[in-house]
Amino acid sequence: MKLGNIAIIIDNSLSMAGSKNQKNDPIARSLAVAKVFQQASNRCTTLYTSEPTDVELPLPSGSTTIGEVIVKAVRLKPDMILLFSDGYENRPEGLTNLVLKGLEKIGIRIPILHFNPCYAVETSQVKQLSQKTLTLPLSDANHLQGTFIRLMIEKKEKQGLNYLKQYLMLAGRRWWALPGMEQDIKQLEKNLTIDVKEMVQ
Amino acid sequence: MSIFKKTKQVISFEEILKGKKAGKSQKVGIMEVIPIFYQSKDLMNFHIALPGESMLLKKIPKYGEVVLENEDEQDLLIVPVHTGFITPHQAQDHAIAKGGIITAKTSFHYKNAFCIQQTQGGYIPPGHYDFIILPYSLRHKAIKMKDKSGYSRLWKDISQFNREVGIKKGTAHLEYFYQTFSDELEEFIAQFEIEPDQVGAIILIANQVVGIELAPNPDYWKNVWEPLIRSCYGAETIRQLLLNPDVRGEGKLSPEEIENISSIDDLETVIAKLKNANQAKVEEIIENLLDKKMHAEVDITTTHQSGSTDSQFELLTLEDEIYKGQVVQEDGVVVYASITADPKKLAAKSKFRMQKS
């Protein structure tokens, strides 16, 4: 996975604690996947919607203001911004959309990928903060490849389908694991590097 | 042991909000919540039992009567005003017409409760149940009728409420509303987030102050917030959006705000202006409230050991021309409040609606 320089925004507001049955699941998944992105990036700065008391374990608390943090992230001039949020903002609702429109107006077009770890109860879909971000459901780090393949098919259909074909071929070869397939597997793994930066441009 | 007496006094919002401060408001759609905090943790009362843990529905002796028990071994229980029980049992759902103060390990028999499920027979078996708080638009009527008798006296209003939100079944079943709008109501819980140490809120719908809610400590607030946001004020937000779809766009951030920006600095200035304008609005709302004085009548008074000392607790009913509700005072200091504005009065002076026009 190629990412370049990135800014990560973690929504650590109370609603990211999720439901009583699986307490802290949305924030935990976000933090885990954010770690993967940090490792895959050339340079990464992580920002929070409210200053956590413990950066290692920023437990969800308080209200949500995302727009202002996006402006802070933009000032870092990253290649892209990765936002982890359930899509509910309340200080006030719509500020993120207004900020993104403002950035567009002044000619700043840094791609924003919004990973949403929750399905909204009212729609059973992931909630978008703005139509100006790409919003993707976030399950866990193991499913990132699937998420990106879906995104690739949406953005660059031919390239995405070709990638999917190679991905399935690799899965098949790994499953059979017959003698002589090792070289094939290595080559397929090499081909399957995702350039996220290029994909979201 | 609770003793009933009736004495008159006056209580101002200044007294209710004394020792507290407002936080930054949260706004989603037409609903806005201004959180309230104590200025110091020393002012909080942690010797109050939590309704979510200690409130037992002990018995429904007959239709329109509810016996609640405080199971806590030591602390007094403040029963949230207009607590209701909607259960999956084949049994009549009930709501109480006021609040309550119940000393440790004792019960209180509400003889003026409401049946809220017109055609259902049977009594709810004893148990711990999730509770609701009656929808905002029913609460003003409910408190007016708190000392009257007749288990069916809220049915007319429940039927009207259901009609207003498009529920065509003719009978007065409040659960129809919660079943029909369950997904929308759940969303309010995710949208409005409790702040650390929050103990209360001023709630606005369509730019009108509709309610003031206050708890003795943050844990108590966590217990009552979900029923308040979901079944009381969330219900009203749904009703207002259905009665008056024009109100939907009110208060939305306008693209005009960013019309003249040409740099990130400009964008930050716009955000700062929006925040300052909101803060000024919050201060104005509170300033306008502080002057209001309400007539207060003692409903229940009791003595209870709170911490290491004996305290005098009073449940008072408050009323002025717009607001009605109840507060609990401990030795003359307000520790709990649940006060709502009269929807009819709000409708007369704003876009707030009572019925489809």
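Predicted model: local features only at pLDDT ≥ 70, side-chain atom pairs only at ≥ 80, totals over all residues.
**View 1. A three-stranded open sheet in chain B.** Let's start with the order of the strands, which is E6-E7-E12, with antiparallel pairing. Strands E6 (55–59) and E12 (107–110) of chain B stand at the edges with a single partner strand each, so one side of each has no neighbour in the sheet. On average, neighbouring strands here are turned by 30 degrees against each other, direction ignored. Look next at strand E7 (residues 66–70) of chain B, which is joined to E12(B) by four bridges. To find your place along this antiparallel pair, look for Glu69(B), which stands opposite Ser107(B) in E12(B).

**View 2. The second largest pocket.** This pocket holds about 960 Å³ of space. Its lining has 35 residues, and the closest to the pocket's centre are Glu93(A), Val28(B), Gly29(B), Gln191(B) and Lys252(B). Helix H3 (95–105) of chain A gives two or more residues to the lining, and so do strand E3 (26–28), helix H6 (182–191) and helix H7 (218–243) of chain B. Sorted by class, the lining residues are 14 nonpolar, eleven polar and ten charged.

**View 3. Helix H3 of chain A and what covers its buried residues.** Among the buried residues of H3(A) are Leu95(A), Leu98(A), Val99(A) and Gly102(A). Their cover includes helix H2 (67–75) and strand E4 (112–116) of chain A, together with helix H8 (264–290) of chain B. After H3(A) comes Gly107(A), and its phi is positive, near 85 degrees.

Notes:
Residues numbered from 1 in each chain as written. Chains lettered and ligands numbered in written order. Heavy atoms only, no water. Pairing = 2+ DSSP bridges. Axes fitted to C-alpha atoms, helices over the stretch in contact; angles between N-to-C directions. 1 Å grid on protein atoms, 1.4 Å probe; cavity = no way out; pocket = protein on both sides within 12 Å on 5 of 7 lines; lining within 4 Å. Points joined across faces, edges and corners; volume = space filled by probe spheres on them. Nonpolar A, V, L, I, M, F, W, Y, C, P; charged D, E, K, R; others polar. Buried < 20%, exposed > 50% of the residue type's maximum accessible area, 1.4 Å probe, protein only. Contact = heavy atoms within 4.5 Å.
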